[in-house]
Each structure stands twice: as structure tokens, then as C-alpha cells.
Amino acid sequence: MRDTEETPAATLRLLHWYDRHARVLPWRVGPGDRAAGVRPDPYRVWLSEIMLQQTTVAAVRDYFRRFTERWPEVAALAAAEDAEVMAEWAGLGYYARARNLLKGARAVVADHGGRFPDSRDGLLTLPGVGPYTAAAVAAIAFDEPATVVDGNVERVVARLFRIETPLPAAKSELTRAAASLTPAVRPGDHAQAMMDLGATICTPRNPACGLCPLIHGCAARAAGDQATLPRKAPKVAKPVRDGVLWIACRADGALLLETRPDSGMLGGMLGWPGTDWDRSGGPSDPPLTALWRDAGPELRHTFTHFHLRLRVLVADVPADAVPLRGAFVAQAAFRPSALPTLMRKGWNVAAAAIRHPNDTARLA
DNA sequence: CATCCGTGGAT
DNA sequence: TATCCAAGGAT
């Protein structure tokens, strides 16, 4: 291990900076409390790390609060209904995370006696936990000197060591560079300090080098090309795909919804029946025979790897309508907040176009 | 190693 | 408006 090695001076400077400038975050035990012996709750660390995968702190805050209020410990989450967890995750994106979150919670209860594995290798066995998350939880919750490499750390070390290899090929090189900075002391604070530095000082554009505790050892800063690092492989253009969404409103106000299959886009989420999006609207049929009409302008939504243009069709159907797909959900039980953002957009377009029972009563 | 998988804010 | 980007993982 590194016990007998000296902690690099730069690492000490970074920890000192963290002691003064650590962000205050709902899932974090700050450096002051940590020094006083307060231990982070592994469940909260794990939950926050899953939520933070490819997701901004600002977007995560409210979700983390709602999840921990509703499911304060891993056993409670493990016992939750799948649909409830997916509904609570709706809008946060990357829904495989939510499916794996539940699997992970249940694995902790079923296979680990309700306690999280306390090592990087043990954590890696949990679904949804990869190299980053395993190292982060091991370091932050269990003080294991694991090297944590996320997008922030990649940027920081690419600049410190002026590594010009483009990502993702540079990944292993960046990991080795980050490992050379990982101390035996305060590994959790060090990991969070690296990420805070990347998030607040060593930012992708216009890094605030004048405020950086590591400026003296920064090779890119010395060369003046810090803003161009890390280099990245060129991105592929997003194709445009088309599709149709069918939103049926029954005479009693019930709405036709379906739970999407676990695989594919928005997997496991509630949504309106629709066509596939891989062709030009697809040849598939509507979920029931009705007089379908355009609800409004074409919906536009951009996913990670394609742009989507969706026609939203609506129909008012009789009380005895029998759908070919999906199931009617009573008006009182329908919560738009349980839908992923795309489906919520579809509802916003449709709501203005369907005839509500109240309107019917008023017209009668 | 490449591809798939969301979303919203910043620029 | 278009592009980039954020505490990545699974396949």
C-alpha cells in the first residue's frame, strides 16, 4: 500500500483547499464533520452516486431528497414496488439506473445481510455499480484508498499531466495519473476534492486557474493549452427519427397507458402507446380503433444519439373500449410526474386537445 | 472498443 | 438554433 509513502505535496494542497471550499451537498459529510468522526451512510453515498452518473448536481438534489424521505434505508427501497421507484425516478433519465438501483438494493438485502459491501471489489458485484461508482463508495463511505475517476478527474489530470491522447482511448492513462495522486490519508475527501475542483475551478471552458490550488504543478497551464484538454474523439451526428404517440381518453376520463419493456428506450417506464422510432413512423397499428386526430404541433425531443419528431394523436373513446395494448388508468390515479420527460411532453400537447368529462357535462 | 441509454442548463 | 456537457454502466 501507500502507508509508508509520502503524500504528494500537491495532494496536501488540494485537501487544504477542500477544507475551505468543499461544496455543501445533501449527501455529503463535509470535511469538518468528517474530521470529527462523522461517517457517511453507505446507502446515501451509493444512492447519490447512482443518481449522479452523467447527471448534474442541480438535477439530482430534489430526486435525492424525495428518495431518502420515502425510502430512508436500503431495506425500505428493496421492499418498494418497481412501479413506485420508476415513477419516482421519472424525469431523471437513464432509466436502467433505476432498474439496477432496485436490483442493487435487493441484492444488498438478500446477499449481504442488508449491509453494503465495504470494498471496491465487493461493490463492483452490485448491478449498476461500475469502476467509478465502486471506487467512489469505497473511498467516501469506507475510507478505502481507491482511485476515483469520473469526468471531472479525467479533465483535472489530463491538464495537470498535459495528456493529449483523446478520450476514450486515454482512459487507462488518465486512471494511472489519477492513481499517482491518491493518498492513503483521507481518500474519500481527496476523491471529492478532485471532483469539486473539476466542477468549480478546473471547468471544461474558461477554467479559473488563478484560484486553483494545483496551478504550480499544472503542465497544461504552463503550456497555455489547458482549455483544450482533455481532447475528445469527434462525435457522430445525430440522425432524425420519427414516430407517433397515441393518447386515448375514455369517456370517464381514464387514459390509456402502457409500461414499456425493460430493454430499449425509456425501458421500464410508463408511457403512451406508440410506434417504434427506428423507421418513419413505423407500420404498427394504434392500440385501439378510434377516430384519431392530431393533438397539436409535432413534438421534438433529443436523446443521446438521435433527434425524435413525434406526432401526437388523440382520440375520445367510449366507456367500453377494449385496448389491444396497455391498460386504462383512472383519471384520479394518473400522475404526469410519473412519466419520463418525453411522455410528459406528449401529455402536455394532448391535454389541450382531448375532451374532458367536465367539458362533456358542461356541453350537455 | 463501439454503441446504446435521458435530460436540462450553459454557451 | 445547435452543440456541448454532467459524479457512467451494460452489452
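A polar contact here is a pair of N or O atoms within 3.5 Å, where one must be able to donate a hydrogen and the other to accept it. Keep that in mind for the close-ups below, which all come from a predicted model.

**View 1. The two domains of chain A.** Chain A splits into domain 1, made of residues 9-146 + 182-200, and domain 2, spanning residues 240-363. Their centres, taken over C-alpha atoms, lie 35 Å apart. Where they touch, domain 1 supplies eight residues and domain 2 supplies 13 residues.

**View 2. What lies between domain 1 and domain 2.** Putting the two domains together buries about 740 Å², and carbon and sulfur atoms account for 54% of that area. Look here for the four residue pairs in polar contact between domain 1 and domain 2, both partners at pLDDT 80 or more. Salt bridges between these domains, by contrast, number zero.

**View 3. The domain 1 side of the contact.** Zooming in on the face of domain 1 that touches domain 2, you will meet helix α6 (residues 82-89), the element that gives the most to this side, with three residues.

View 4. An unreviewed UniProt entry places the feature "domain: HhH-GPD" at residues 51-200. In the model, residues 51-200 are 63% helix and 0% strand. Follow this stretch from one end to the other and you will find its end C-alpha atoms 19 Å apart.

Conventions
Residues are numbered from 1 along each chain as its sequence is written. Chains are lettered from A and ligands numbered from 1 in the order in which they are written. This is a predicted model: local features need pLDDT of at least 70, side-chain atom pairs count only at pLDDT 80 or more; totals for chains, interfaces and linings use all residues. Side-chain values use heavy atoms; hydrogens and water are left out. Domain bounds come from an automatic or database domain assignment. Contact means heavy atoms within 4.5 Å. Buried area is the accessible area (1.4 Å probe) that two parts lose on being put together, summed over both. A salt bridge is a side-chain nitrogen of Lys or Arg within 4 Å of a carboxyl oxygen of Asp or Glu. A polar contact is a pair of N or O atoms within 3.5 Å; within protein, one must be able to donate a hydrogen and the other to accept it, and residues adjacent in sequence count only if both atoms are side-chain atoms. Helices (H or I, at least four residues) and strands (E, at least two) are DSSP runs, numbered from the N terminus. UniProt positions are given in the numbering used here, feature names are shortened, and annotations may be inferred rather than shown by experiment.
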